[in-house]
Amino acid sequence: MKFGLVIGSVVSTRKAGKLKGLKILVVNYLNENLEKTPNSAACIDTVNAGEGDIVLLCSSSSARLTEQTTDVATDNTIIGIVDSVSHGNKIIYKKQNS
Amino acid sequence: MKFGLVIGSVVSTRKAGKLKGLKILVVNYLNENLEKTPNSAACIDTVNAGEGDIVLLCSSSSARLTEQTTDVATDNTIIGIVDSVSHGNKIIYKKQNS
Amino acid sequence: MKFGLVIGSVVSTRKAGKLKGLKILVVNYLNENLEKTPNSAACIDTVNAGEGDIVLLCSSSSARLTEQTTDVATDNTIIGIVDSVSHGNKIIYKKQNS
Amino acid sequence: MKFGLVIGSVVSTRKAGKLKGLKILVVNYLNENLEKTPNSAACIDTVNAGEGDIVLLCSSSSARLTEQTTDVATDNTIIGIVDSVSHGNKIIYKKQNS
Amino acid sequence: MKFGLVIGSVVSTRKAGKLKGLKILVVNYLNENLEKTPNSAACIDTVNAGEGDIVLLCSSSSARLTEQTTDVATDNTIIGIVDSVSHGNKIIYKKQNS
């Protein structure tokens, strides 16, 4: 999985592949220190994520292995909201109010 | 999914993998701000996209999960036309006449 | 799919994964303007392509979705020969004698 | 597979895709000389790896082919702990206490 | 497929995904001229390759489509030993003693 920061959302009314009714968010990829990278993607949200959340992104055929995305034409799905990340004994990130 | 800008089309008469009859478009990948990136692809169109449209691209085995692309040898399919993209309260893109 | 230019061929007598009898070509990836990129691959040919041809390349599990590559250990298959590419009204490439 | 160095761990309580109960580690990708690269990922651990371990990472649908990750929404799984790596007769890495 | 040069081997006693008993080699990716690239991988060997051999690498789910790698957690498998590569009439590589 990759780390991502939710920065926006997409509206698309004409779409295929059982995407109707699914929320599509714009996500910036983050590195292991949760710093922005040049990469980004439009991802299906399965965990009710919101802008500003740091999330876990799952790509490839595994992006379809959630209840909401079975048989859906998605190659990138938000499958978790990150509460905290630690490097050794050091907590490098902790979600507020979590 | 990735954002893309449709810039052209491909004619290929000698082709395999159930591609006959499917429209193949040339697409420039866009980043999260809908700016061009150095990447591009030839993609199967399933939503009647046209040149100038900003679209959503689905790769990997999920590219086959539309009605038109079942069992088709495609690794990149246009699965949606983008109406608008917002970052927070700011609309960064709105399709004309949509 | 990616655009590619066929530049060579590979001989491999000791091989696995039902590759025996299949032609393996060396292909340079091309960008949306059909200019060379730094990337290349060895690809299974399913459309009788030859050196100098501009072709369409299909990767991932979809590379197996042709008659010749069913259950074959290929991650990159030539699935079409490009006759022409247009950007808007401008034909940027037309195959000779096609 | 890619080589990786385990550098941290992730806590995520709100997650999908049968990820509950699985350990998620932060991993830096290493090159063939086991030097750090700019790439990293959050990976499911199946071999009880710990921080400082050099591991083997498996991506794509194959990331689901372990007992713990069957049908799990993972695109990157730690599938082995590296004991040693040799280049010719030269051992370039040997795990301590292994 | 990608071209690779076998440069080493990996020992891993604690591993998952039916990897037990399979040989894991360290491979440098090569470009279309068989020159080294910055990329590398740890690959399952199915053709009895050795250090110094130039090989063909198959990734994604197709990496499992050999007799030895069925249902194995591999995303990169050596599926052929390269005997020769030609660009047009010019042989750019010929394996010694083959």
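Tutor: In this predicted model, a hairpin is formed by strand 7 and strand 8 of chain B, with 2 residues between them. B:Gly88, which lies in the turn, has a positive phi of about 60°.

The contact between chain A and chain D may be taken next. Chain A contributes 27 residues to this contact, and chain D contributes 31 residues. Together the two chains bury about 2,200 Å², of which 51% is on carbon and sulfur atoms. On the side of chain A, the greatest losses of area to chain D fall on A:Met1, A:Glu32 and A:Leu65, which together account for 29% of what that side buries.

The number of salt bridges between chain A and chain D, by contrast, is 0. The side of chain A that touches chain D comprises 11 nonpolar, 13 polar and 3 charged residues. Several strands of chain A take part in that side: strand 1 (2-11), strand 5 (54-59), strand 6 (76-81) and strand 7 (84-87) each supply at least two of its residues.

Strand 6 of chain A also pairs across the boundary between the chains. Its partner is strand 2 of chain D, residues 14-15, to which strand 6 of chain A is joined by 2 bridges in the antiparallel sense. One of the residues concerned is A:Gly80, whose bridge partner in strand 2 of chain D is D:Lys15.

Chain C is superposed on chain E by a rotation of 72° with 0.0 Å of shift along the axis, at an RMSD of 0.0 Å. This is the relation of a five-fold axis. Of the interface residues of chain C, only 7% are also interface residues in chain E, and the copies therefore meet through different surfaces. Some pairs of chains make no contact. Chain C and chain D do not touch, and their nearest C-alpha atoms are 10 Å apart. Chain B and chain E likewise have no contact joining them, their closest C-alpha atoms lying 10 Å apart.

Methods
Residues numbered from 1 in each chain as written. Chains lettered and ligands numbered in written order. Predicted model: local features only at pLDDT ≥ 70, side-chain atom pairs only at ≥ 80, totals over all residues. Heavy atoms only, no water. Least-squares fit on C-alpha atoms with pLDDT ≥ 70 in both. Contact = heavy atoms within 4.5 Å. Buried area = accessible area lost by both parts, 1.4 Å probe. Salt bridge = Lys/Arg side-chain N within 4 Å of Asp/Glu carboxyl O. Helix = DSSP H or I, 4+ residues; strand = E, 2+ residues; numbered from the N terminus. Nonpolar A, V, L, I, M, F, W, Y, C, P; charged D, E, K, R; others polar. Pairing = 2+ DSSP bridges.
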